[in-house]
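Here are my notes on this model, written as numbered points. Have the sequence and the 3D view open while you read.

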Amino acid sequence: YPSNEFHSNEYEHLTFLRNVCYASAVTSLPYIPEFQCGIWHGYHYATGNLTANHYRLTCLTALMGGIFGWNWYMLVERDNWYYSPINSRGYKRPELFDPLQKIVKVFQEIEPAELTKLTATAVTEDENHFLAESMGHKNLVAQAVYQSGIAFKSYDILQPPPDCQLLLYAGPAWMSAERQKRLYQFV
């Protein structure tokens, strides 16, 4: 549930992109079961008014990160829920509904599960590194790749080797012994 157009901090979009890239690296069906579509009462003060551009940006970022599908949670507004494309009486909010309808059309035309991300760069990280970030660790490698505009995919080192020319380790100065061994074998 990011803020409107990822404006809460300078790395909010990167965090979202890395999470969806990581999901596409660790599962054969990268899917978002609770994808933001509106916001609950109270939290809307933190996120701001969710705009059509916000929905376009989050959906296109998810697709760019390798997500195959999602469930828009709450497509229809209910008690204490705001900025959904369909209000609690079933009426469309054209300023939100129409852009989401266009996103569905794009989704159907491109068939995300049939796409292959074309990039020569992969970033390897694991769930422990994400947890470390929530405790204050700053992932400077991922930030630098993002700021440079280089397209990247995530790679779980325990999976078969990625099809890439450049693999960057983007995490704290520690890694499990098993992952170190796999990284060494890859190199």
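1. Start with Glu111, which sits in the loop between α4 (94–110) and β5 (121–124). Helices here are DSSP runs of H or I with at least four residues, strands are runs of E with at least two, and both are numbered from the N terminus. Glu111 has a positive phi, near 45°, and it isn't a glycine. Its relative accessibility is 46%, so Glu111 counts as partly exposed. (Buried is under 20% relative accessible area, exposed is over 50%, and partly exposed is in between, using a 1.4 Å probe and protein chains only.)

2. A word on the source: this is a predicted model, where local features need pLDDT of at least 70 and side-chain atom pairs count only at pLDDT 80 or more, while totals for chains, interfaces and linings use all residues. Residues are numbered from 1 along each chain as its sequence is written, and side-chain values use heavy atoms, with hydrogens and water left out.

3. Now hop to the loop between β3 (69–73) and β4 (81–82), where you'll find Met74. The peptide bond from Tyr73 to Met74 is cis, with omega near -5°. Asn80 lies in the loop between β3 and β4 too. Asn80 isn't a glycine, yet its phi is positive, about 55°. Is Asn80 buried or exposed? It counts as exposed, because its relative accessibility is 52%.

4. Take a look at helix α3 (residues 52–64). It has 13 residues, so at 1.5 Å a residue it should span 18 Å, and its end C-alpha atoms agree at 18 Å apart. (The expected span is 1.5 Å times one less than the number of residues.) Buried residues of α3 include His54, Tyr55, Cys59 and Leu63. Among the elements covering them are α1, β1 (31–36), β3 and α4, where contact means heavy atoms within 4.5 Å. After α3 comes Gly66, with a positive phi near 105°.

5. Next, find α1 (residues 12–26) and α6, which pack at about 105° with their axes 11 Å apart. That angle makes α1 roughly perpendicular to α6. (Axes are lines fitted to C-alpha atoms, for helices over the stretch in contact, and angles run from 0 to 180 degrees between N-to-C directions; 65 to 115 degrees is roughly perpendicular, under 35 roughly parallel, over 145 roughly antiparallel, and the rest oblique.) His13, Leu14, Leu17 and Arg18 in α1 meet Ala142, Gln143 and Tyr146 in α6.

6. Last stop: Asn139, in the loop between α5 (127–134) and α6 (140–148). Asn139 counts as buried, because its relative accessibility is 4%.
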